[in-house]
Amino acid sequence: MARPKRNLLATAQETSSPPASLAQGQEIARVRKAEGKNLYSVGLPSAGAKPLLVELPSRFRSQIWIKRGGYVLVDTNAFVDRDNKLDGEIVNVVRDEKLWRKQAYWPAEFVKKPAYPDDSDEEESNVGQMPPSDDSDSGI
């Protein structure tokens, strides 16, 4: 039997807007790869940090898909008392990235890079211009 649509809509509404502030132990992380069985390998913004193995809670399973390179909000204090290989739990999935990037707690390491680098230091493009003319006489 399928889950009621109201559960899907409630989950989508919950993840559509970012929280006002992050709680202790919560961090924004970039998804590196799916490990299988609702486990994901994520990277924290701090340079040199080892990848964390986090679990997707049952309320998100089969309702919200997480793609590689996407962002999630991870609670690293979720499994402190348990002895296992999990480093945390996904609390929220970043769906509207523009809205999340405006928040003060968004890490500076996750700044969006332009798709085309700015080549302002190189000489100007000659696309759409006439070829240079030769001023020398050809002897005709």
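Is Glu35 buried, partly exposed or exposed, and what is its relative accessibility? In this predicted model, Glu35 counts as partly exposed because its relative accessibility is 39%, where buried means under 20% relative accessible area, exposed means over 50% and partly exposed lies in between, for a 1.4 Å probe and protein chains only. Residues are numbered from 1 along each chain as its sequence is written, and side-chain values use heavy atoms, with hydrogens and water left out. Because the model is predicted, local features need pLDDT of at least 70 and side-chain atom pairs count only at pLDDT 80 or more, whereas totals for chains, interfaces and linings use all residues.

Four salt bridges are present in the structure, each defined as a side-chain nitrogen of Lys or Arg within 4 Å of a carboxyl oxygen of Asp or Glu. Among them, Glu35 is joined to Lys33, with 4.0 Å between the closest N and O atoms, and Lys33 is partly exposed at 44% relative accessibility. Another links Glu55 to Arg61 at 3.2 Å between the closest N and O atoms, Arg61 being partly exposed with a relative accessible area of 26%. In a further salt bridge, the side chains of Arg101 and Glu97 meet at 2.6 Å, N to O; these residues are separated by about one helical turn because they lie four residues apart in helix H2, helices being DSSP runs (H or I) of at least four residues, numbered from the N terminus. Arg101 is partly exposed at 22% relative accessibility, as is Glu97 at 28%.

Aromatic contacts also occur, and ring pairs link Tyr71, Trp106 and Phe110 into a cluster, a pair requiring ring centres of Phe, Tyr or Trp (its six-membered ring) within 6.5 Å, with planes under 30 degrees apart counted as stacked, over 60 as edge-to-face and the rest as tilted. Both Tyr71 and Phe110 are buried.

Notes:
Helices (H or I, at least four residues) and strands (E, at least two) are DSSP runs, numbered from the N terminus.
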